[in-house]
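Student: I have a complex open here and want to go through it chain by chain. Can you take my questions as they come?

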Amino acid sequence: MKALSEFFYMGGYALYVWGSFGVTALLMIVEPIMVHQRRKSVLQRISRLVRIKSEQKS
Amino acid sequence: MKARHKRFGFLLAGLVVLAAAAYLVFNALGNNLSYFFSPTEVAEHKAPENHVFRLGGLVEPGTLERGEKLTVHFKVTDNHHTVKVAYTGILPDLFKEGQGVIAQGRMGPDGVFVAEEVLAKHDENYMPPEVADALEKGHQKGIEAMARENKPL
Amino acid sequence: MSGRIFNIYRFSSPATFYPLAGKIARIAAWIALLLLAVGLYMSFFVAPTDYKQGEGYRIIFIHVPAAWMSMFIYLVMAFWAGIGLVFNTRLSSMMAQALAPTGAIMTFIALWTGAFWGKPMWGAWWVWDARLTSELILFFLYIGFIALQGAIDDNRRADRAGAVLLLVGVVNIPIIYFSVKWWNTLHQGASVSIKNGSSMSTIMLQAMLVMTFAFWAYSIAVSLYRVRSIILEREKDARWVSELPEVGR
């Protein structure tokens, strides 16, 4: 337990080390999620487009 | 094919012009992009005398004096010239004798640089403390060895 | 396009590149996850404490990889945009567009971690020295490129305008890289350079390189996933798109 709190203390640089790694981690999680959502919305739009086209044909 | 060559030509010409312009601009700016002046430049009156500028160099070992409250005095050196500095405030973690430092302020009439802000400048070396100790010892030994070798002469 | 004679041209067609990008992106994502796990472990548990900066120096393990990627991605973007401008290839402009947000994020990470490193060590979150200022300009170049592409509706014209901006901005890259050499800066010199090797202890350097490759793999994965969406957006009327298995009917 002591080792753990010492680890998070980072020799007094906790704010700076975790402030850096935390924001980096956040961005590197958010970016893939946004990329995935973009893909989902594009596929939805195209599916609608294809459906409309096939309805017009028949 | 022809249009492609033409575009490529335009692009190349544009880049050449741009590179030339950039070169001229940076030539003209020259030292103005430097963040600080060295003690030698201060001694040569290259630093502004009547307004705020930044002074950079090493804190000369053995010159750090802690005055009353938070006032400190030290000398900044570049191994050619030194400038006396007075500063009141909190020093950064890496501030130490023999370490790089950048002070912002102006020259007082008595030739003492009165700093409003002091920043520590560190180098690009990173190593564990044991290695740093070993290097330091090796350095000392080297100096001793050189002294010994020189004695018989 | 005569695909049989010039084999490389085959992949410059969005229809053939689309599935390939998906495959590469998946592999790159797994490599990125693996390297990130190894790199983070090394950063915190294997790399020793620094003799001067204590534990605070560990920020270097994301700061330097992010700063390298911010410059490298820009060069790759400018390369693709230039190819797109000269040869009028649709896909290369899409690649440039896909890389921009990742490059901007890398630049932001470099600036952010730099501030969080500068505060305890230098004594300031931010200073206007040549290195920091030129990196900030890089960030504005990325933002400017993204805004420009978003502001012009016609894809072709957007690509061309973006490419010109990117190529002009290339001047900034050597300025960032050499700023610490050309001028007196608060920022220290390079710890790793081709000419002088490294001034870090080996284990620290290894951790930093693992993190660099992790960031590299991450950037490849994310930008290729993004380029797939861009391809679909721009080719939405193409027949091959409507025949894709992931397009529902």
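Tutor: Start with chain B, whose elements run α-α-β-β-β-β-β-β-α from the N terminus on. Keep in mind that this is a predicted model.

Student: How many helices and strands is that for chain B?

Tutor: Chain B has three helices and six strands.

Student: And what share of chain B is buried?

Tutor: Of the 153 residues in chain B, 22% are buried. As for contacts in chain B with a separation of 6 or more, 42% are between residues 24 or more positions apart.

Student: What domains is chain B divided into?

Tutor: Domain 1 covers 2-32 and domain 2 covers 35-121. The C-alpha centres of these two domains of chain B lie 41 Å apart.

Student: OK, chain C now. What pattern does chain C follow along the sequence?

Tutor: Chain C reads α-α-α-α-α-α-β-β-α-α, with eight helices and two strands. Its C-alpha trace spans about 60 × 35 × 35 Å along the principal axes.

Student: Which pair of chains has the most contacts?

Tutor: Chains B and C, among the two pairs that touch. Chain A and chain B do not touch, and their nearest C-alpha atoms are 11 Å apart.

Student: How many residues go into the contact between chains B and C?

Tutor: Chain C puts in 34 residues and chain B 30 residues. On the side of chain C that touches chain B, H2, H3 and H5 of chain C each supply at least two residues. H2(C) gives the most there, with five residues. By class, that side of chain C has 21 nonpolar, ten polar and three charged residues.

Student: And how many residues of chain C are in contact with chain A?

Tutor: 30 residues of chain C are in contact with 24 residues of chain A. H3, helix H7 (202-234) and helix H8 (239-242) of chain C each give two or more residues to the side that touches chain A. H3(C) has the largest share of that side, nine residues.

Student: Which residues of H5(C) are buried, and why do they line one face of the helix?

Tutor: The buried ones are C:Asp159, C:Gly162, C:Ala163, C:Leu166 and C:Gly169. Seen down the axis of H5(C), these buried residues fall within an arc of 130°, so they line one face of the helix. The face turned away from the buried side carries the exposed residues C:Arg156 and C:Arg157.

Student: What do the buried residues of H5(C) pack against?

Tutor: They pack against helix H2 (60-87), helix H3 (90-121), helix H4 (130-151) and helix H6 (172-182) of chain C.

Student: Which residues touch the most other members of the largest nonpolar core?

Tutor: B:Ala103, C:Met77 and C:Ala221, in a core of 106 residues. H7(C) supplies the largest share of this core, 18 residues. Not counting residues up to four places away in sequence, C:Met77 touches C:Ala96, C:Leu99, C:Ala100, C:Gly103 and C:Leu166.

Student: Last topic, backbone angles. Where is B:Asn79 found, and what is its phi?

Tutor: B:Asn79 is in the loop between strand E3 (71-77) and strand E4 (82-88) of chain B. Its phi is near 70°, a positive value in a residue other than glycine. Most residues other than glycine have a negative phi.

Student: Is B:Asn79 buried or exposed?

Tutor: B:Asn79 counts as exposed because it has 11 C-beta neighbours inside 10 Å, and the cut-off for exposed is 12 or fewer.

Student: And where does A:Met10 sit?

Tutor: A:Met10 is in the loop between helix H1 (2-9) and helix H2 (14-57) of chain A. Phi of A:Met10 is near 55°, again positive in a residue other than glycine. With 19 C-beta neighbours inside 10 Å, A:Met10 counts as partly exposed.

Technical notes. Residues are numbered from 1 along each chain as its sequence is written. Chains are lettered from A and ligands numbered from 1 in the order in which they are written. This is a predicted model: local features need pLDDT of at least 70, side-chain atom pairs count only at pLDDT 80 or more; totals for chains, interfaces and linings use all residues. A residue is buried if 20 or more other C-beta atoms lie within 10 Å of its own, exposed if 12 or fewer, and partly exposed in between; C-beta atoms are placed from the backbone. Helices (H or I, at least four residues) and strands (E, at least two) are DSSP runs, numbered from the N terminus. The arc is that of the directions from the helix axis to the C-beta atoms. Two residues are in contact if their C-beta atoms, placed from the backbone, lie within 7 Å. Ala, Val, Leu, Ile, Met, Phe, Trp, Tyr, Cys and Pro count as nonpolar, Asp, Glu, Lys and Arg as charged, and the others, Gly among them, as polar. A nonpolar core is a set of buried Ala, Val, Leu, Ile, Met, Phe, Trp, Tyr and Cys residues joined through C-beta atoms within 7 Å. Domain bounds come from an automatic or database domain assignment.
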